[in-house]
Every structure is written in C-alpha cells, then in structure tokens.
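Dear colleague,

Please find below the structure that I am handing over to you. My notes on what was found in it follow directly after.

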There are 2 protein chains.
Amino acid sequence: MQNFVFHNKTKVYFGKGQIENLADEISRFGKKALLVYGGGSIKRIGLYDDVIKQLEKAKMTVYELGGVEPNPRHTTVNKGAALCKKEGIDVLLAVGGGSTIDATKAIAAAAKYDGDDCWDLITHKASVKETLPFLSVLTLAATGSEMDGGCVISNIETNEKFGYFAPDNNPDVSFLDPTYTYSVSAYQTASGSADIMSHIFDVAYFSMQDQMDMLKRIQEEVLKTVIKYAPKAIEKPDDYEARANLMWASSWALNDFLYDGLSQSTVCHAMEHELSAFYDITHGHGLAILTPRWLSYVLNEQTAPCIKRFGVNVMGVDENLPLMDGAKTAIKKLEEFFYETLGLKSKLSDLGIDDKNFSVMAKKACRAKGVLKGFTDLTPLDVEAIYRMCL
Amino acid sequence: MQNFVFHNKTKVYFGKGQIENLADEISRFGKKALLVYGGGSIKRIGLYDDVIKQLEKAKMTVYELGGVEPNPRHTTVNKGAALCKKEGIDVLLAVGGGSTIDATKAIAAAAKYDGDDCWDLITHKASVKETLPFLSVLTLAATGSEMDGGCVISNIETNEKFGYFAPDNNPDVSFLDPTYTYSVSAYQTASGSADIMSHIFDVAYFSMQDQMDMLKRIQEEVLKTVIKYAPKAIEKPDDYEARANLMWASSWALNDFLYDGLSQSTVCHAMEHELSAFYDITHGHGLAILTPRWLSYVLNEQTAPCIKRFGVNVMGVDENLPLMDGAKTAIKKLEEFFYETLGLKSKLSDLGIDDKNFSVMAKKACRAKGVLKGFTDLTPLDVEAIYRMCL
C-alpha cells in the first residue's frame with residue numbers, strides 16, 4: 001500500500017437546476033469572464049441562454065470562445081490564452097464536455113504563462129505554476145475533467161496528443177446537472193461510459209501494486225454502476241437516475257477519491273491518445289476497442305488473479321472457474337459489454353484505420369522512456385502487437 | 001435522489017512518516033501555533049517529540065493546550081479561544097483523536113467569535129463565520145473529524161452535548177498515519193469502529209429517502225471494510241493494512257464522499273449524545289449498544305427492505321429469507337458483531353447506567369422540535385422505550 005496525498009478543491013453543485021447558483025459563484029472571482037464552449041449543442045438544449053442569464057445577473061463582462069474541437073487543439077488554447085491576456089480576463093467558464101473543460105483548463109494555465117505557446121506546458125517543457133480561476137458546467141459524463149487538474153490537448157501539426165496533471169488546476173466550481181446529458185447520443189453515451197471505466201482500469205484496478213482493499217472494492221462498485229446505468233441511459237436518454245449515476249461516476253473515476261499513491265502509466269490511455277492524435281476518433285471508443293485486447297495480450301499467471309477478480313466481482317463470472325478460464329471469461333464479458341450491450345464497433349478497421357502508422361504510433365505511445373510501465377511493462381513492439389489485435 | 005453540494009477543502013497526507021511534511025504545511029499559515037492535545041498518549045508513542053521537531057523546523061512560536069477531555073468540554077474550548085485571542089495565534093494544530101480535533105475546531109471558530117463563550121456557537125445562538133486555520137494529526141480512527149467541519153462539545157454544568165457542522169471549519173491539512181493507531185487499545189478500536197459504522201447508518205444508510213444507487217453501494221463497501229478490518233486490528237494491533245483501512249474508512253464515513261443531499265436526524269447519535277453527556281461514556285460504545293435495539297424498535301414492513309438489504313449485502317444474510325426474517329437476522333448479526341466479535345458489552349447496565357434519567361434524556365434527545373426525524377420519526381416516548389431496551 002502506497003502513501004498518498006489527497007486534495008480536491010473543486011466545489012460541486014450536483015442536481016437539477018443547480019445552475020441557479022452560477023451567478024453567485026462566478027462573481028466571487030471578478031468581473032470579466034471568458035465563456036468557452038464547443039459546437040452548438042449547448043445552444044440547442046437551452047443551456048447557453050441559462051448561462052448568459054446567470055452571467056447577466058452577476059453583471060459580468062462576457063467574452064466568448066466557441067468552437068472548441070472534440071479533441072481540443074493547442075492552437076485553440078493559444079487563442080484563448082491570448083484573449084485572456086489582452087482583455088484582462090478574471091475568470092473562465094467552460095460549458096460542455098471534457099474537451100471544452102480540458103481546453104479551458106489549459107487556457108487558465110497558459111493565460112498565466114509568460115510564453116506564447118501552451119504546447120510548452122502540455123509537453124512539460126515549462127511547468128504550470130499560477131492559473132486563472134475557472135468554473136465548469138458539464139454536459140457529458142466521461143472524462144472527469146470537471147473535478148481534476150488534468151487536461152489532454154492535441155497538436156494536429158505534429159500528430160501529437162499529450163496532457164498534464166497540475167494539482168491546482170482543478171475547476172474551482174463545477175455544476176453537474178444530469179439533465180444536461182439527456183441529449184447526449186447513444187454513441188457518445190457508450191463512448192463516455194467506456195472512458196469512465198478505462199480511468200479506473202488504467203489508473204489503478206489492473207495493477208500488480210498492492211492497493212488499499214477498501215479503495216479496490218469501491219473501484220468495483222463504480223465500475224458496476226457504469227455497467228448498470230449506461231445501457232439504461234442509452235435505452236431511455238432522459239432517465240434521471242441513470243444519467244445522475246453516470247455523471248457522478250465520471251467525476252469519481254478520475255478525481256483521486258478512488259486511489260492511493262499508485263505510480264503506473266495509464267497504458268490504454270497512452271495507446272489511445274496515439275489513435276485519436278492520428279485519426280481524430282472518439283477517445284472512449286478507442287479505449288473500448290483497445291482495452292479487452294490489451295487484457296488478452298498481458299494475460300499470464302501473474303496478471304490472471306486480478307483479471308479473474310474483475311470478472312467475478314464486476315462481470316458476474318463464476319468464481320469456481322479455474323484461474324485462466326475465469327480471466328478469459330472476464331475479458332469475453334467485457335467485450336460483450338462494449339460491443340454488444342453498448343453497441344460500439346469492435347475493430348479499428350471499422351473506423352477506417354489500417355496498420356500503416358502502427359509502428360510510429362507504438363513508439364510515440366512509449367515516449368521518451370521507451371516503455372509503458374503498468375500492469376505488465378509494454379515496449380513499442382508489444383504496443384504494435386496490441387494495435388494489430390484490434391484490426 | 002436529492003440535489004447536493006460537495007466541497008471538502010482538507011488536504012490529507014496519508015501513510016507512514018507523512019509527518020515529515022508538517023513543517024512545510026504549517027508554516028504556510030503564520031508563525032504562532034497553538035498545539036492542542038489530550039492525555040499523555042501522544043508522548044508515550046513519541047509523536048509529541050516528532051511534532052515538536054517539525055514545529056522547530058518551521059521556526060514556529062509554540063503555545064500548548066493539553067488535557068483535552070475524551071468528551072471535550074466547552075470550558076476547555078473557551079480556555080483555548082482566550083489564549084488565541086491573547087497571544088495572537090495564527091494557526092492551531094490538533095494532535096489526537098476526534099475529541100482533540102473537535103475541541104481544536106471549536107477553538108478555531110471561537111477564537112474569531114466576538115463573544116466569550118463558545119457555547120453560543122455550539123448551540124447555534126451565534127453562527128460560525130470566520131475561523132482560524134488549523135491542522136490535525138490523527139491518532140484514532142473513529143469520528144471523521146479529521147476531514148469534516150463538524151464538532152461535538154459537552155457542557156457538564158448542564159449535562160448537554162451538542163455540535164455543529166460549519167462548511168468552512170474543516171481542518172486545512174490532516175496527517176493520517178496508521179502507525180499512530182498501533183497503540184490504540186482493543187476497547188477503543190472496537191468503539192471507534194462502531195462509531196464509523198454508525199455515521200454511515202445514521203447519516204444515510206437507514207433512510208426512507210431515495211439515494212443515488214452508486215453511493216448506497218459504496219456505503220456498503222465501507223461498512224464491509226470496517227467489519228473485515230476491526231477484528232484484525234484488535235487481534236494484531238500493528239497490522240498496517242487493517243489500521244490503514246480503518247483510518248481511511250473513518251474519514252470517508254463523515255466527509256460527504258458517501259452522501260447526496262439527505263436531510264434527516266442522525267438518530268442514534270442524538271440518543272447517544274445524551275448518554276455520554278449524562279454518564280461520560282465512550283461515544284462509540286454507546287452507539288454499539290443503541291443501534292441494534294433502535295433497528296429492532298423501528299422494524300416494520302416499510303423499514304424491513306432496507307434492513308434486510310443491509311443484512312444481505314453487508315452481513316452475509318441469505319437473500320432467500322422472507323423479508324421480516326431477513327431483517328431480524330441482519331439485526332442479530334450486527335449484535336453478534338458488536339458484542340461478540342468486537343467484544344463490546346451489550347447493555348447500558350453493564351456501564352453502570354440505570355433508568356433514572358431516561359425520561360429527561362429522551363426529551364433532550366428530541367430537542368426543540370420534539371421529534372427525531374429519520375428512518376422512522378421518534379418521539380421522546382419512543383426514545384425512552386429504546387433506552388429501556390438497552391438495559
């Protein structure tokens with residue numbers, strides 16, 4: 001069991017209609033706000049109008065940055081940071097899913113960075129020190145960005161997608177109203193759910209390191225929550241109970257509630273970031289394709305107990321099965337959940353991806369150290385083999 | 001499912017040797033510190049010396065307030081607050097269990113209160129506004145005070161024991177090193193474990209209100225954690241895994257991780273506070289005596305499903321039992337856990353308590369409103385009947 005530090009400064013307003021508290025909260029941070037959002041969905045569901053009303057009530061001067069991309073780009077972050085510097089913005093407000101919140105988080109840091117290019121921060125050439133305060137209004141249960149200090153940004157000039165975690169870069173306040181996710185499509189609900197599960201898998205669950213028993217059990221309950229409610233939300237998009245459980249699960253899966261001080265690469269995330277950097281695919285879908293193949297690839301006598309435990313405690317696998325059979329059945333049930341229950345396509349080739357960049361992507365995934373440290377350590381050759389299993 | 005606000009500012013250092021970070025953390029808050037502690041146990045285990053070394057390293061001017069009582073008294077809080085005002089204390093440091101942390105929390109508030117008597121704050125005649133910053137070093141897994149804004153203080157002149165929750169009265173930083181609990185006696189380990197479980201029972205688990213499914217499941221995992229590790233810690237006091245799980249469980253049980261916006265009386269706590277106000281008994285032991293009798297008293301067709309679910313999911317009761325049988329078996333197993341596995345005496349008479357004050361205590365437990373709102377609403381007559389069941 002490792003030592004750890006837990007600190008999460010984000011104040012969360014959870015539930016229907018909590019946006020009513022936005023005016024009071026944002027006015028604590030100043031008078032000039034930059035409103036950041038993605039495509040038009042927040043206008044279609046009426047959220048944009050509700051937010052503007054609150055900003056007017058708070059008598060804020062509002063600047064806007066719309067059009068944040070699904071895999072947000074460093075050029076967009078740079079544009080936002082330049083605007084903050086020029087106009088003397090006091091506080092940022094992200095309204096959207098993880099991409100919008102990630103971009104806003106990076107703008108909050110870049111606006112206080114002396115250089116002109118946020119890519120220095122994203123690639124750890126410079127470190128995040130001071131940040132602008134920011135708030136978020138969440139519209140998609142997936143990334144956990146609404147309650148952590150992490151962000152992932154893409155550079156399409158170099159086909160790179162990297163991120164950082166900065167302890168003080170959490171949103172100051174986040175509004176989590178499950179009704180804002182009623183309009184999320186079945187596909188995005190499925191992909192977001194895979195992303196939530198992958199955070200738990202990648203950060204901690206699949207690990208050879210010793211973890212606190214209580215936290216491991218709770219990881220299992222959050223996984224079971226997603227498995228129970230994602231199909232319900234797909235079946236009935238305005239199922240409040242389902243949307244609420246998924247939304248709070250998304251925050252829990254990456255805000256350090258669930259973890260002690262593990263140190264391992266988030267292996268599937270590292271492999272997936274190359275996929276979406278090269279092909280701009282939906283992150284959670286990439287994770288759903290990679291994860292079961294990765295588990296099959298790393299299955300051996302040492303990893304099997306953890307995989308079988310996942311099967312028994314989360315996927316309903318019979319605990320009396322022999323070790324390797326139990327682990328294989330667990331992986332098969334996870335595949336069934338992603339590709340049948342959630343309806344996600346199971347192959348990279350289904351997304352138009354072939355093997356031509358696999359070798360380069362595998363090397364990039366392993367980065368400078370040449371190896372992904374995790375459940376089992378992976379070299380670029382291992383990563384390439386896993387990509388091929390996904391074709 | 002209720003709306004809720006989640007905000008927990010406490011930064012936690014968890015694990016062996018984390019005290020090494022105390023100097024850096026406390027020096028952020030100023031130069032004059034008041035060190036608050038209880039009896040001599042922190043000196044016996046060497047913790048006092050380690051703390052003093054850190055305060056010297058941080059070049060703090062240190063004042064001391066020792067001798068905080070197991071049920072901390074308002075007179076002690078007043079003494080501490082007067083010292084803070086006189087000496088211009090910048091920051092408080094509690095070293096001990098929940099009693100010491102509760103007292104320190106109340107001193108932090110009373111030191112910034114215009115009046116002379118903290119009892120005004122404890123009884124809500126005045127509200128907690130500003131507070132001094134404070135840190136804690138925990139030595140007992142029980143109350144959760146190390147990570148919340150609540151405290152309970154006793155007035156022995158009036159036989160009253162009351163408390164408050166103030167959102168900003170959390171410790172700023174808490175140090176949770178499970179090795180500091182190695183010297184906790186079997187009796188205090190058992191009582192503390194009952195207290196942890198009772199927080200979950202009382203705040204949320206036993207309730208007719210609709211709760212978020214994910215949180216209800218996680219409440220069950222934390223309860224199972226206590227049931228698994230309390231006997232191990234009693235059996236082998238220096239079992240790090242057991243002490244670590246109990247310690248983090250104690251913080252989780254009352255820091256709002258586990259709850260959405262329920263509003264109900266913490267019924268057993270209200271009943272127990274009268275017991276320890278009148279008889280100065282160990283709080284967790286009082287709870288262990290009261291809880292199963294309370295469950296038996298409120299058992300009916302409406303409450304049985306929740307009690308049976310507790311039995312099935314937490315206590316290993318056969319889910320095929322009929323509803324009322326399942327619920328009764330759950331209560332029986334909880335009694336066995338408290339009185340056989342943990343070895344706590346099962347009756348108030350074992351603690352020298354008779355029925356002479358029951359009528360007054362029952363009225364006081366129901367306070368101004370004359371009723372305890374909860375799983376089922378309890379009048380003073382109900383409370384008196386429950387006390388009698390405990391004789």
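The contact between the two chains takes 29 residues from chain A and 29 residues from chain B; please note that the model is a predicted one. On the side of chain A that touches chain B, strand E1 (4–14), helix H8 (213–235) and helix H9 (240–252) of chain A each supply at least two residues. The most comes from E1(A), with 10 residues. Sorted by class, this side of chain A has 15 nonpolar, 7 polar and 7 charged residues. Of the interface residues of chain A, 100% are also interface residues in chain B, so the copies meet through the same surface.

How are the two copies related?

E1(A) and E1(B), the latter comprising residues 4–14 of chain B, are joined by 7 bridges in the antiparallel sense. Within this pairing, Phe14(A) stands opposite Phe4(B) in E1(B).

This pair belongs to an open sheet of 12 strands with mixed pairing, in the order E3(A)-E2(A)-E4(A)-E5(A)-E8(A)-E1(A)-E1(B)-E8(B)-E5(B)-E4(B)-E2(B)-E3(B). Its edge strands are E3 (61–65) of chain A and E3 (61–65) of chain B, each of which pairs on one side only. On average, and with direction ignored, neighbouring strands of the sheet are turned by 25° against each other. Further along the sheet, in chain B, strand E2 (residues 32–37) runs parallel to strand E4 (residues 91–96), and 5 bridges join these two strands. Leu35(B) has Leu93(B) in E4(B) as its bridge partner.

Turning to the domains, the assignment for chain A gives domain 1 (11–180) and domain 2 (184–389). The C-alpha centres of these two domains of chain A lie 27 Å apart. Their contact takes 18 residues from domain 1 of chain A and 23 residues from domain 2 of chain A. On the side of domain 1 that touches domain 2, the elements of chain A giving two or more residues are strand E6 (150–155) and strand E7 (160–165). By class, that side of domain 1 of chain A has 9 nonpolar, 5 polar and 4 charged residues.

With kind regards

Terms used: Residues are numbered from 1 along each chain as its sequence is written. Chains are lettered from A and ligands numbered from 1 in the order in which they are written. This is a predicted model: local features need pLDDT of at least 70, side-chain atom pairs count only at pLDDT 80 or more; totals for chains, interfaces and linings use all residues. Two strands pair if DSSP finds at least two bridges between them. Helices (H or I, at least four residues) and strands (E, at least two) are DSSP runs, numbered from the N terminus. Axes are lines fitted to C-alpha atoms, for helices over the stretch in contact, and angles run from 0 to 180 degrees between N-to-C directions. Two residues are in contact if their C-beta atoms, placed from the backbone, lie within 7 Å. Ala, Val, Leu, Ile, Met, Phe, Trp, Tyr, Cys and Pro count as nonpolar, Asp, Glu, Lys and Arg as charged, and the others, Gly among them, as polar. Domain bounds come from an automatic or database domain assignment.
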